[in-house]
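My notes follow in the order I looked things up.

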Amino acid sequence: MTTLNTFWRQADAAVMRTVQLLRALHHLKHRFHQQHGLERGCLRGEEGAHLVEFALTLPILLGVIFGLMQVCLALYMHEYTSELAREGTRYAIFHGPTCKTSGGASCTVTAAGVNSYVAGLGWPNIGGGAFNASNVSTTFPGTGGQLVGNPVVVTVTYQYPYKIPFVTSKTLSLTSTSQMTIVQ
């Protein structure tokens, strides 16, 4: 949440810098017209036209910019789910039935163990949706279950709530699956 707040503060600062730049350009244009006698000449009646045009186009421009930012965030969250699925399968393939700790104890993991491992990775979830162990599904589809040489499949599902200006907010379901073979 902190990352998202920082992002919006930076976006607000960028908008304020843009507004200041536009004011400076308007001031320069006004000075140019005064120096060259154009203030009351052929441009009579058009003094406020550019402000009206700017006021009409600014909401559209900001809508496109913030919409593009939401699309980029959705792409990031898709990569997030993909990487979580890969990390879950990596964890599962090295914690198979022959896994032993340095003390000789078994370190074999179950499907629930993989799910809680993936949910507890603590990567930044800046998409705004909820993510926990119920978003992760681990299966061992081989005939021998968790035996060495059998596959393990980890599926991660994430509900991304996107909010594009002037469009009703909806939820985009992002799903990623990773499959590897148990090696240990």
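**Entry 1: charged side chains**

I started with R90 and E83, which form a salt bridge whose closest N and O atoms are 3.5 Å apart. This is a predicted model, so I read every distance below as belonging to the prediction. R90 is partly exposed, at 33% relative accessible area. E83 is partly exposed too, with 22%.

E87 and R90 both sit in helix α2, 3 residues apart, about one turn of the helix. An α-helix has 3.6 residues a turn, so residues three or four places apart point the same way.

Is E87 buried or exposed? E87 counts as buried because its relative accessible area is 19%, and the cut-off for buried is under 20%.

Next I took E83 again. The side chain of E83 also meets that of R86 in a salt bridge, 2.6 Å from N to O. R86 and E83 are again 3 residues apart in helix α2, about one turn. I noted R86 as partly exposed, with a relative accessible area of 25%.

I then joined the pairs. E79, E83, R86, E87 and R90 are linked in a network of salt bridges. The count of salt bridges comes to 4.

**Entry 2: S178 and its surroundings**

I moved to S178, in strand β3, which spans residues 170–181. S178 counts as buried because its relative accessibility is 8%. What does the side chain of S178 make a polar contact with? The partner is the side chain of T89, at 3.0 Å.

I listed the contacts of S178, leaving aside neighbours within four places in sequence. They are A85, R86, T89, V152, V153 and V154.

**Entry 3: T81**

T81 lies in helix α2. T81 is buried, with a relative accessible area of 0%. Where does its side chain find a polar atom of the backbone? The backbone oxygen of H78 lies 2.8 Å from a polar atom of the T81 side chain.

Beyond four places in sequence, T81 touches V156, Y158, L174 and S176.

**Entry 4: the nonpolar core**

I looked up the largest nonpolar core. It has 21 residues. V118, F131, V156 and Y160 have the most contacts inside it. Which elements give two or more residues to this core? They are α2 (49–93), α3 (111–119) and β2 (151–162). The largest share, 8 residues, comes from α2.

I checked F131 in detail. Not counting residues up to four places away in sequence, F131 touches Y80, L84, V118, A119, N125, V136, V156, T157 and Y158. Two of these, V118 and V156, are also on the list of residues with the most contacts inside the core. V156 is a contact of T81 as well.

Then I went through helix α3. Its buried residues are G113, V114, N115 and V118. What covers them? The cover includes α2, β1 (136–139) and β2.

**Entry 5: the nonpolar surface patch**

L21, L22, L25, L28 and F54 make a nonpolar patch of about 450 Å². Helix α1, residues 2–35, gives the most to this patch, with 4 residues. F54 has its place in helix α2. F54 counts as partly exposed, since its relative accessibility is 33%.

Is L56 buried or exposed? L56 is exposed, as its relative accessible area is 60%, and exposed means over 50%. S178, by contrast, is buried at 8%.

I took the separation of these two residues. L56 and S178 are 122 residues apart along the chain. Their C-alpha atoms are separated by 48 Å.

Technical notes. Residues are numbered from 1 along each chain as its sequence is written. This is a predicted model: local features need pLDDT of at least 70, side-chain atom pairs count only at pLDDT 80 or more; totals for chains, interfaces and linings use all residues. Side-chain values use heavy atoms; hydrogens and water are left out. A nonpolar core is a set of buried Ala, Val, Leu, Ile, Met, Phe, Trp, Tyr and Cys residues joined through side-chain atoms within 4.5 Å. Buried means under 20% relative accessible area, exposed over 50%, partly exposed in between (1.4 Å probe, protein chains only). Contact means heavy atoms within 4.5 Å. Patches are made of residues with over 30% relative accessible area and no salt bridge: like charges are joined within 9 Å, nonpolar side chains (Val, Leu, Ile, Met, Phe, Trp, Tyr) within 5 Å. Accessible areas come from the Shrake-Rupley method with a 1.4 Å probe; for residues, only the protein chains shown count as cover. A polar contact is a pair of N or O atoms within 3.5 Å; within protein, one must be able to donate a hydrogen and the other to accept it, and residues adjacent in sequence count only if both atoms are side-chain atoms.
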